[in-house]
Amino acid sequence: SGRFLLPLLASGIDIDGVDAAPTMLQACARHAARQGLAPALYLQPIEALALPRRYRMAFVPSGSIGLLHPEALQGALISLRNSLSRGSVLLLEMVQCSETEEYEREEAPRAVQVDEETTLLYSCHTRLSGDHKSIEYEGRYEKRHNSEVVATETEFLRLWRHERQEFLRLLGTSGYAGARVVEDGAAYASLGANGCFLVEAHTEA
């Protein structure tokens with residue numbers, strides 16, 4: 001939707017966007033137009049990127065990389081590596097795995113004010129899958145005009161979880177060097193609180 005891309009583009013960063021969902025790219029283009037921005041956007045799956053240039057950095061948030069089934073993950077990592085120039089950086093926000101963790105909860109509702117009369121409200125029930133390998137999200141969107149609900153939509157989302165050391169090894173077998181978990185208590189505290197961790201890896205110089 002441009003949540004990460006548009007602020008970077010507005011600050012002068014030379015950045016392109018990729019997504020496998022046309023609706024997400026359409027939303028990004030709409031948000032960009034409101035800000036007077038025109039990013040290059042590509043409709044491609046991450047496992048089979050065919051971009052017109054190579055990049056110095058790639059960033060994939062957990063809501064994207066976590067959608068990939070573990071069997072497709074290495075192909076996606078190799079595809080990303082082939083889209084980067086030599087000596088470049090890959091940043092991945094990952095949903096972490098804990099075999100002993102048990103939870104099921106209702107997330108606090110979030111509201112976005114579209115205009116003076118229209119509000120979007122999102123509520124979500126989150127639970128750990130029975131095999132502990134993924135987190136399942138059952139979300140509900142409500143569009144309200146003043147106090148009246150005028151439209152609703154439900155969404156089911158599964159994000160696959162990964163054990164840190166196993167994932168670092170996978171990066172190594174996918175052709176990356178110097179893979180590490182970025183740990184900075186002050187800067188990344190919110191990631192840990194949301195069950196995620198940040199991984200940095202490099203292509204060969």
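Which residues are exposed on the other side of H5? They are Glu166, Arg169 and Thr173, where exposed means over 50% relative accessible area, buried under 20% and partly exposed in between (1.4 Å probe, protein chains only).

This is a predicted model, in which local features need pLDDT of at least 70 and side-chain atom pairs count only at pLDDT 80 or more, while totals for chains, interfaces and linings use all residues. Residues are numbered from 1 along each chain as its sequence is written, and side-chain values use heavy atoms, with hydrogens and water left out.

In helix H5, Phe167, Leu168 and Leu171 are buried. Viewed down the axis of H5, the buried residues fall within an arc of 100 degrees (taken from the directions from the helix axis to the C-beta atoms), so they line one face of the helix. Their cover includes H4, E4, E9 and E10, contact meaning heavy atoms within 4.5 Å.

Strands E4 and E10 run antiparallel and are joined by seven bridges.

The elements named here are DSSP runs numbered from the N terminus, helices (H or I) having at least four residues and strands (E) at least two.

| Element | Residues |
|---|---|
| Strand E4 | 84-95 |
| Strand E10 | 196-202 |
| Helix H5 | 164-173 |

Definitions and conventions: Pairing = 2+ DSSP bridges.
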